Amino acid sequence: MTLSKILKNTFLVLMASLILTACATTKKVSMDNQMQGDVYTGTDTVEYLASGVPDRVFFATNESILTTASRDTLRKQATWLRANSEITVVLEGHADERGTREYNLALGERRANSAKDYLMTYGVSASRISVISYGKERPVDAGSNPLSWSKNRRSVTVKAN
Amino acid sequence: MNRNIIISTGFHFIIIMITTLSLPFLLKTPIDLPPIISIELIQISDKTSIPFAPKAKKIIEKIKKEEAERVVSEQAPPKKIKKEKPDAVPLPNEKIDKVKKIEEKKQNPEKIETEIKQVSEFEKKELFDPNNIAALIDKSKEDFAETSKTTNKVTQSQDRNAEPSGLSLNEEDALKAQIFGCWSIPLGLPYNENLLVRIKLQLKPDGTVVKSEILDHVRMNKPGQGFYKVLAESALRAIRLCQPLRVPTTGYERWKDLQLNFDAREMLEG
Amino acid sequence: MKFLRILTILLLIQFKAYALIEVDITRGNLSPLPVAVSPLSPDKKSITEFEKILNVKDLGSEISIIVENNLRQSGLFNPLEKDAFLQKPDIAHFKPRFEDWKLIKAQALITGKVEIIDEKLRVEFRLWDVLAAKEMLAIAFTTVPTNWRRVGHIITDKVYERLTGEKGYFDTRLIYVAEEGPKTKRIKKLAIMDQDGFNLKYLTLGNELVLTPRFNPTNQMVTYLSYFRNLPRVYLLDIETGVQEVVGDFPGMTFAPRFSPDGKKIIMSFATDGNSDIYTMDLENRVVERITNYPSIDTSPSYSPDGKYICFNSDRSGYQQIYVMKSDGSSVKRISFGNGIYGTPVWSPRGDLIAFTKLHKGKFYIGVMRIDGKGERLLTENFYQEAPSWSPNGRVLVFYRETKTDDKGEGFSAKLWSIDLTCYNERQVPTKSDASDPSWSSLLSN
């Protein structure tokens with residue numbers, strides 16, 4: 001086998017593999033709008049405490065770590081809460097259905113506390129925040145697919161008074 | 001969207017064309033298959049204990065000729081001429097075939113031959129030929145050692161005596177197949193315990209049971225071994241359900257006392 | 001020398017002549033044992049009493065139907081059709097004509113009689129070995145007439161024990177969460193029923209979320225999680241009186257409650273500041289004891305039957321795994337090491353196995369492992385299932401399954417299922433509504 005032949009074949013194969021990888025599904029493109037990795041980034045289920053203040057943050061599977069977007073949301077909430085000092089809130093922690101019931105109760109509590117701690121570092125007093133976990137008992141989306149599940153992994157800030 | 005599909009289809013077509021033109025260096029190296037070894041499934045012959053061959057020499061010669069004749073034994077006075085009867089036990093239905101295959105795996109073909117060699121001791125005429133007897137005794141001593149080795153491998157019971165079963169393979173298969181069908185193994189048994197029940201039977205020539213005795217009956221009432229009683233009862237039920245047992249039509253003296261070793265372990269361990 | 005050889009031969013001949021033939025029986029069939037359950041025969045006076053007091057026609061037949069259903073559902077027995085029976089119940093009870101029963105292929109026969117004496121229900125029954133033509137069991141007992149269904153269950157337990165060597169599990173109840181409504185807003189109530197589905201009773205009204213109920217060892221009390229007043233806490237409920245009380249005075253969510261084997265303590269998880277640990281509370285002196293102290297989620301505790309050890313679920317290693325520790329919280333040891341996430345560990349009443357839920361590659365499994373973590377066996381796989389609970393004889397597991405919803409988010413259902421330890425006899429446990437979180441009581445009788 002001559003060198004030129006080898007080179008030609010290598011070139012052809014490279015072209016072939018590049019072409020194949022270009023055949024990405026179009027679905028993923030629209031999914032990327034709503035999820036980043038495992039975390040929901042859409043606005044479907046989001047409500048607002050006030051104009052421009054989303055009421056909830058989302059989590060990855062089994063995680064209670066706050067994403068950049070979540071921290072951004074929570075800062076907005078903190079600002080709003082500092083401006084309305086008579087308001088108290090309840091942070092509701094939730095989990096998706098893909099886990100055991102009791103562990104999910106604990107996970108929801110962990111997620112709500114994660115948000116609470118962040119609000120506290122931005123000046124909201126602990127006495128104004130209480131926490132409750134609903135585990136997987138109160139999903140916002142009844143679907144059985146990854147997108148639905150990602151919408152359910154959340155911590156929601158609810159006005160208590 | 002459509003444009004993408006067209007471009008994609010076009011390039012896919014190009015790729016297919018390219019590969020059909022067999023890019024040389026994509027050729028797979030030929031797989032080196034090992035040469036096929038032909039295996040022959042040897043049918044285990046149905047030789048059983050030969051009664052009393054007239055001359056030991058003759059028997060040894062017959063083995064060398066390799067026939068598959070069946071012989072049914074019967075203990076009769078020494079002067080009787082060796083009989084050859086076709087095996088009277090009813091033959092293959094599917095169950096027996098399947099069971100036979102399992103038996104083939106277990107059985108050591110050597111076993112049969114040693115049986116035949118041993119039996120030649122019954123020969124009484126030859127007693128007066130010291131040389132022959134000397135040869136036989138030496139052989140038999142070896143054979144004994146061999147048989148005890150093989151039988152230890154095959155059986156699960158530890159008390160088993162060194163002699164192999166007196167039933168021909170076909171006779172044994174027939175009886176086993178019958179009892180397999182009758183034995184309802186209690187599903188609730190603990191699968192990690194000793195599940196062996198040995199039952200000694202006294203039979204009538206037609207296969208009905210005169211007396212049955214559970215050999216480890218002391219275990220029946222031991223605390224913590226409650227399942228043993230259940231297992232033993234299921235074995236007894238199987239025997240009762242299967243009466244009359246599928247016994248050979250001849251050689252009553254040989255099998256009138258029969259011991260059945262029920263072991264549920266294989267079925268329950270799954 | 002020649003003489004010696006002759007002697008040897010003679011001896012060898014002797015040996016051969018008396019050899020006992022042994023045949024190994026290593027296989028049989030695993031089909032259910034055919035059993036005939038004859039209706040219990042009542043005496044004439046009692047028949048009218050039954051109708052008057054209990055409003056039940058043909059009590060003897062009803063009880064035999066309970067026994068049949070129990071035996072059939074165990075998967076180990078095959079009760080034969082009554083139409084084929086040749087002998088009448090009253091005669092059969094005293095002297096069965098075994099030939100008649102052999103004819104219909106029965107291997108065991110149950111006969112009995114039932115009557116009302118001094119306003120009490122008296123039951124007498126016998127178990128016969130049809131093939132051996134002899135009696136295997138003869139028992140008589142008395143109870144309150146309203147317990148007539150339990151009579152059938154008690155008979156089944158005794159027969160089951162005699163024929164399998166294991167204690168039965170039929171005179172038991174199941175407590176579970178009855179659910180209904182849309183998936184996003186389920187209404188949940190505590191429900192209790194006989195293990196065969198009868199005598200269903202609701203213990204709460206459905207106004208607040210209730211989860212994960214458990215019986216106490218005497219089956220008179222229930223502990224569970226309730227969101228009463230929007231505060232998720234562990235509660236105690238007396239089945240007889242219906243009185244509920246909160247367990248302890250915790251400043252945060254308590255959940256996953258169980259009773260200790262002696263019934264004196266409640267063990268549960270307490271969550272605060274993002275961390276969940278296991279605590280116990282003595283029901284008598286109300287003393288609270290902290291059992292785990294680790295910055296992880298520790299939950300789903302389960303005592304060994306002797307009360308010396310606790311297995312529980314913890315994510316201290318990063319993901320949910322199963323751990324075992326002494327009941328004072330010392331000597332914590334991880335026992336699950338397979339691929340996947342493990343949860344809901346439950347110690348078998350026999351002490352030898354721990355059942356669990358496992359999630360791996362998007363599938364849920366119910367499995368068992370030995371208490372050292374070895375010998376893991378997965379019994380069943382499903383899109384979603386969890387929370388196994390042991391029958392009192394440690395042979396059967398009850399758990400629940402949920403179905404997928406379609407694109408519109410509809411089609412959700414939750415049902416109870418059970419499976420035998422040998423993976424045999426997987427079947428749905430019928431409930432009136434959707435159901436989850438089942439828990440098996442101990443034997444109601446002794």
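Let me begin with the surface of chain B, whose accessible area comes to about 16,000 Å², with 58% of that area belonging to carbon and sulfur atoms. Please keep in mind throughout that what we are looking at is a predicted model. Of the 270 residues in this chain, 44% count as buried.

If you follow chain B along its sequence, you will find 9 helices and 3 strands, and from the N terminus on they are arranged as α-α-α-α-α-α-β-β-α-α-β-α. When we take the contacts in chain B between residues at least 6 apart in sequence, 74% of them join residues at least 24 apart.

Now let us turn to the strands of chain B, and ask in what order the 4 strands of their open sheet are placed. The order is β2(B)-β1(B)-β3(B)-β1(C), with mixed pairing, and so that you can find the edges on the screen, they are β2 (209-214) of chain B and β1 (21-25) of chain C, each of which pairs on one side only. From one strand to the next, the twist of this sheet averages 25°.

We can go through some of the pairings in turn. β1(B) and β2(B) are antiparallel and are paired over 5 bridges, and within this pair Gln202(B) has Lys211(B) as its bridge partner in β2(B). The two strands form a hairpin with 5 residues between them, and in the turn Gly207(B) has a positive phi of about 100°. Strand β3 (residues 257-263) of chain B, on the other hand, runs parallel to β1(C), and 5 bridges join the two; here Leu258(B) finds its bridge partner in Ile21(C) of β1(C).

Helices also lie against this sheet. Helix α6 (residues 169-182) of chain B packs on the sheet by touching β3 of chain B together with β1 of chain C, and its direction makes about 45° with that of β1(C). Helix α7(B) lies across β1 (196-203), β2 and β3 of chain B, and it runs at about 35° to β1(B).

Which residues of α7(B) and α6(C) make the contact? From α7(B) they are Lys229(B), Val230(B), Glu233(B) and Arg237(B), and from α6(C) they are Arg162(C), Leu163(C) and Thr164(C). Sorted by class, the contact of α7(B) with α6(C) has 2 nonpolar, 1 polar and 4 charged residues.

Let me now move to chain C, where an open sheet of 4 strands has the order β27-β28-β29-β30, with antiparallel pairing. β27 (385-390) and β30 of chain C stand at the edges with a single partner strand each, so one side of each is left without a neighbour in the sheet. The twist in this sheet averages 35° from one strand to the next.

Strand β29 (residues 414-420) of chain C is mostly covered, since 5 of its 7 residues are buried. It is joined to strand β28 (residues 396-402) of chain C by 7 bridges, the two running antiparallel, and Tyr400(C) has Leu416(C) as its bridge partner in β29(C). 3 bridges join β29(C) to strand β30 (residues 427-429) of chain C, again antiparallel, with Trp417(C) standing opposite Gln428(C) in β30(C). The hairpin of β29(C) and β30(C) has 6 residues between the strands, and in it Cys423(C) takes a positive phi near 70°.

In chain B, a cis peptide bond joins Gln243(B) and Pro244(B), with omega about -5°, and Pro244(B) lies in the loop between α7 and α8 (252-255) of chain B. In chain C, Ala256(C) has a positive phi near 55°; this residue is found in strand β15 (residues 253-259) of chain C. Is Ala256(C) buried or exposed? Ala256(C) is buried, with a relative accessible area of 0%. Thr344(C) also has a positive phi, near 45°, and lies in strand β23 (residues 341-347) of chain C. The relative accessibility of Thr344(C) is 9%, so Thr344(C) counts as buried, the cut-off being under 20%.

Methods: Residues numbered from 1 in each chain as written. Chains lettered and ligands numbered in written order. Predicted model: local features only at pLDDT ≥ 70, side-chain atom pairs only at ≥ 80, totals over all residues. Heavy atoms only, no water. Buried < 20%, exposed > 50% of the residue type's maximum accessible area, 1.4 Å probe, protein only. Contact = heavy atoms within 4.5 Å. Areas by Shrake-Rupley, 256 points an atom, 1.4 Å probe, with all protein chains shown as cover. Nonpolar A, V, L, I, M, F, W, Y, C, P; charged D, E, K, R; others polar. Pairing = 2+ DSSP bridges. Axes fitted to C-alpha atoms, helices over the stretch in contact; angles between N-to-C directions.
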